[in-house]
Amino acid sequence: MKKPFEPGDLVTTHFYPVQKNRTRTVVRCYRSIDCPSGWLVDTKDDRGKMLKALDAKWYKPIVQKLQDECIQ
């Protein structure tokens, strides 16, 4: 299975409502058998606050988000 994100990718998450529209940068993406997607992701926001070991299914790439907005 291909890695969903690479370090440096820009993503957003709605897992925590306070983080909903904040851009986050992927720091690390690694395999895990303890989550539905099989991948855990560590990210940091523009202030440097880390969010560690969140399932990759909760992240959406920024590029995809912009494409969705253009389609609507």
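**Salt bridges and a nonpolar core**

Let's start with Asp42, which counts as buried, at 6% relative accessibility. Keep in mind that this is a predicted model. Asp42 has a partner. Arg28 forms a salt bridge with Asp42, and their closest N and O atoms are 3.2 Å apart. Arg28 sits in strand β2 and Asp42 in strand β3, so the pair ties together parts 14 residues apart in sequence. Arg28 counts as partly exposed, at 44% relative accessibility.

How many salt bridges does the structure hold? There are 3. Next comes Asp45. Arg22 forms a salt bridge with Asp45, with the closest N and O atoms 3.5 Å apart. That pair links distant parts of the chain: Arg22 is in the loop between β1 and β2, and Asp45 is in strand β3. Asp45 also bridges to Arg24, at 3.9 Å between the closest N and O atoms. Asp45 is buried, and so is Arg24. Together, Arg22, Arg24 and Asp45 are linked in a network of salt bridges.

Now, a contrast. Asp55, in strand β4, is buried yet has no salt bridge. The nearest side chain of opposite charge is Lys57, 5.1 Å away. Beyond its sequence neighbours within four places, Asp55 is in contact with residues including Pro36 and Trp39.

Nonpolar side chains tend to be buried together in soluble globular proteins. Here, the largest nonpolar core has 10 residues, among them Phe5, Trp39, Leu54 and Tyr59. Strands β2, β3 and β4 each supply at least two residues of this core.

Last, look at Ala53 in strand β4. Its phi is near 55°, a positive value in a residue other than glycine.

How values were computed:
Residues are numbered from 1 along each chain as its sequence is written. This is a predicted model: local features need pLDDT of at least 70, side-chain atom pairs count only at pLDDT 80 or more; totals for chains, interfaces and linings use all residues. Side-chain values use heavy atoms; hydrogens and water are left out. Helices (H or I, at least four residues) and strands (E, at least two) are DSSP runs, numbered from the N terminus. Buried means under 20% relative accessible area, exposed over 50%, partly exposed in between (1.4 Å probe, protein chains only). Lys and Arg count as positive and Asp and Glu as negative; His and the chain ends are not counted. A salt bridge is a side-chain nitrogen of Lys or Arg within 4 Å of a carboxyl oxygen of Asp or Glu. Contact means heavy atoms within 4.5 Å. A nonpolar core is a set of buried Ala, Val, Leu, Ile, Met, Phe, Trp, Tyr and Cys residues joined through side-chain atoms within 4.5 Å.
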